Amino acid sequence: MSDLGHVLVLAGGLSYEREVSLRSGRRVSEGLQGAGVSVETRDTDASLVPSMLANPPDAVFVTLHGGAGEDGAIRSVLELLSIPYVGADPDACRVAFDKPTAKTVVRSVGLRTPDSVTLPKETFHDLGASAVLTRIVERLGLPLFVKPSRGGSALGASIVRVAEELPAAMVGCFAYGDTALIERCIKGVEISVSVIDLGEGPVALPPVEIVPDDGTYDYAARYTAGHTEFFAPARLSPEVSAACSEMAVTAHTALGLRDISRTDLIVDEDGLPHFLEVNVAPGMTETSLFPMAAEAAGEDFGTLCRVLLEQAAARGA
């Protein structure tokens, strides 16, 4: 049995990714129980803070996705309550969760990332959508990838192959956020690299290759079993695999992340990886990439979660 007495897994929340979060929380809780940890799973509602004050957990595992789960807000509350938790601190979360800001940071340390334009909804409307979008296509070329600047699970994201598709892609993006990130779409192999730090510095787990059935890794492809084929480890040469791992660890370090993260990237036709985004609260569902990478590394998922919680508890709030 674990030395941890009372552990809390936070799952649910009110973001668009609530259902994914609940599945992640269930997977983490089951893994911890299998590793001998007594677990309570809680949603984020008005009873949460009084409950934690009355019975403070030894540590918290945050499996909230999007919004408060990844923007640092819930972690700020945990710090106010002096409750230790797994994962990055609020300041690092705020930087990493905003995709354009994260791209700026990783570019400053020499990482390759697609050229892009960041466009708030107000600017899009105030300056005239048609003229702005025309200039974006002229500058970045086609195809393009449009996604909300904050959020995950590919909600509001789409590929634009011809200029006429861009206005609809922007509208779809703005349904999930007030700012759009429009990137040059790099053709290649989609790769995810999870990073874990068990006390001896961040290390990359084996890269996972993502092959969606219809070519697009959207929400359905991510969370519906059988819609995507995964290869763990990825079918990369040792040199390219090492470059992907190095990119993920460098991004984790440059962004000041802690304990765990997952970097999404794409390997182009020349074998060069390009940073796309980083996740401070990686999905933990049955189709998520972090558990796949852990299994590929020969690690027991529940044991990894337990060690992360033990590390957080020892670190303190």
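Aspartate 259 counts as buried, because its relative accessibility is 2%, and this residue is a fitting place to begin a description of what is a predicted model. Aspartate 259 is found in the loop between α11 and β12, the latter covering residues 260–268, and its phi is positive, about 75°, although the residue is not a glycine. A positive phi in a residue other than glycine is also seen at serine 82, where the angle is near 60°. Serine 82 has its place in the loop between α4 (73–80) and α5 (90–97), and with a relative accessibility of 53% serine 82 counts as exposed, since the cut-off for that class is over 50%.

**Strand β12**

Isoleucine 266 has its place in strand β12, and with a relative accessible area of 8% isoleucine 266 is buried, the limit for that class being under 20%. Although isoleucine 266 and glycine 188 are 78 residues apart in sequence, their C-alpha atoms are 6.0 Å apart in space. When neighbours within four places in sequence are left aside, the residues in contact with isoleucine 266 include Ile186, Lys187, Gly188, Val189 and Glu190, and also Leu272, Pro273, His274 and Leu276.

**Helix pairs**

The axes of helix α1, residues 18–34, and helix α13, residues 301–315, cross at roughly 90° and come within 7 Å of each other, so that α1 is roughly perpendicular to α13. In this crossing, Arg27, Val28, Gly31 and Leu32 of α1 meet Phe301, Gly302, Cys305, Arg306 and Leu309 of α13. Sorted by class, the contact of α1 with α13 has five nonpolar, two polar and two charged residues.

For α4 and α5, the helices on either side of the loop with serine 82, the axes come within 9 Å and cross at roughly 180°; the two helices are therefore roughly antiparallel to each other. Arg75, Ser76 and Glu79 of α4 make the contact with Pro90, Cys93 and Arg94 of α5. By class, the contact of α4 with α5 has two nonpolar, one polar and three charged residues.

**Helix α9**

Which residues of helix α9 (residues 166–174) are buried? They are Leu166, Ala169, Met170, Cys173 and Phe174, and because these residues cover an arc of only 130° around the axis, they are placed on the same side of α9. On the other side of α9, Ala168 and Val171 are exposed.

**Domains**

The domain assignment of the protein gives domain 1 as 7–86, domain 2 as 94–112 + 187–298 and domain 3 as 116–184. Between the C-alpha centres of domain 2 and domain 3 the distance is 23 Å.

Definitions and conventions. Residues numbered from 1 in each chain as written. Predicted model: local features only at pLDDT ≥ 70, side-chain atom pairs only at ≥ 80, totals over all residues. Heavy atoms only, no water. Axes fitted to C-alpha atoms, helices over the stretch in contact; angles between N-to-C directions. Helix = DSSP H or I, 4+ residues; strand = E, 2+ residues; numbered from the N terminus. Parallel < 35°, antiparallel > 145°, perpendicular 65-115°, else oblique. Contact = heavy atoms within 4.5 Å. Nonpolar A, V, L, I, M, F, W, Y, C, P; charged D, E, K, R; others polar. Buried < 20%, exposed > 50% of the residue type's maximum accessible area, 1.4 Å probe, protein only. Arc of directions from axis to C-beta. Domains from an automatic or database assignment.
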